[in-house]
Amino acid sequence: MQHDIQQLPPQDRYKLLVGGIIPRPIAWVSTLSANGTHNLAPYSFFSVASVTPPVLTLTHVMPQTQQEKDTLRNLKDTGDAVVNIVSANMADKMNATAAVHPNDVSEFELAQVTACDSQTVQAKSVADAQVRYECRLRDLITLADTPTGGTLILLDVTHVYTCDSVMENGHINPEKLDTIGKLGGDLYATTRDRFSLARPH
């Protein structure tokens, strides 16, 4: 089946993009608002943009309401963020923070997520996250500010925390980290099934 994506309504475009580009890692992003509220929200449009310099990338997709999500607004106001990596045992609490709430409501409190101080940024970290990337806003690239339009967020990594229990010979052990990934709709996947292929020379 061929799809002329320019002729499709936004919701159908969305289904084709998120249904085929899977699994997507989840960035559980904590930010600080201008009024001092600590926000927490999951993003599955997330990856590494650069290693030197260390830069992560997120995409904020504009809701149908055309009101920016707290994460983007907070980054514009304060510039701090922590990308917390979601392990399988945190899935329910992560999902609870995906709901839309007023900017002065802390998802940490709402979902009963334990926060801890970060080392280099004012935004709080998720205490139980076994890997955390503290970041400062590098750049925002708005592709479209209409409903379902995207703003590319580039974050400079200022500090990395890894729990000793997930480290093995200087590497993060994926089995011990036990992350989840986003599929289409309400579906998620684990990283428990793996196989190895030697990279060709």
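**Group meeting: a walk through the predicted model**

By salt bridge I mean a side-chain nitrogen of Lys or Arg within 4 Å of a carboxyl oxygen of Asp or Glu. Lys176 is also partly exposed, with a relative accessible area of 39%.

Some ground rules. This is a predicted model, in which local features need pLDDT of at least 70 and side-chain atom pairs count only at pLDDT 80 or more, while totals for chains, interfaces and linings use all residues. Residues are numbered from 1 along each chain as its sequence is written, and side-chain values use heavy atoms, with hydrogens and water left out.

Back to charges. The structure holds 8 salt bridges. Side chains of opposite charge can pair when their charged atoms come close. In one of the salt bridges, Arg136 meets Asp80 at 2.1 Å, N to O. That pair links distant parts of the chain, with Arg136 in strand E9 and Asp80 in strand E6, 56 residues apart. Helices (H or I, at least four residues) and strands (E, at least two) are DSSP runs, numbered from the N terminus. How exposed or buried are the two partners? Arg136, at 36% relative accessibility, counts as partly exposed, whereas Asp80, at 3%, counts as buried.

A further salt bridge joins the side chains of Asp178 and Arg192, at 2.9 Å from N to O. Asp178 is buried, with a relative accessible area of 18%.

Now the strands, where two strands pair if DSSP finds at least two bridges between them. Strands of a sheet pair through backbone hydrogen bonds, either parallel or antiparallel. Strand E5, residues 55–61, has 6 of its 7 residues buried, so the rest of the structure largely encloses it. What does E5 pair with? Strand E4 (residues 46–50) pairs with E5 in the antiparallel sense over 4 bridges, and the two form a hairpin with 4 residues between them. Strand E10 (residues 150–162) is joined to E5 by 7 bridges, again antiparallel.

Phe46 stands opposite Leu58, and in E10 the bridge partner of Leu58 is Ile153. Leaving out residues up to four places away in sequence, Leu58 touches Ala27, Val29, Tyr43, Phe45, Phe46, Thr151, Leu152, Ile153 and Leu155; a contact here is heavy atoms within 4.5 Å.

Leu58 also belongs to the largest nonpolar core, which has 19 residues. Such a core is a set of buried Ala, Val, Leu, Ile, Met, Phe, Trp, Tyr and Cys residues joined through side-chain atoms within 4.5 Å. The residues with the most contacts inside this core are Val29, Phe46, Leu58, Val83 and Leu155. Elements that each supply at least two of its residues include strand E2 (27–32), strand E3 (38–43), helix H2 (70–78) and E10. Another core lies apart from it, with 13 residues, among them Val86, Ala88, Ala111 and Ala129.

E2 and E3 pair in the antiparallel sense over 6 bridges, with Thr31 opposite Asn39. There are 5 residues between E2 and E3, and Gly36 in the turn has a positive phi of about 90°. In E3, 5 of the 6 residues are buried, so it too is largely enclosed by the rest of the structure.

Finally, the open sheet. Its 3 strands come in the order E1-E13-E14, with antiparallel pairing. Why does one side of E1 and of E14 lack a neighbour in the sheet? Strand E1 (24–25) and strand E14 (188–190) stand at the edges with a single partner strand each, so one side of each is left without a neighbour. Pro25 has Gly181 in E13 as its bridge partner. In the loop between E13 and E14 we find Leu187, which counts as exposed at 55% relative accessibility.

Definitions and conventions
Buried means under 20% relative accessible area, exposed over 50%, partly exposed in between (1.4 Å probe, protein chains only).
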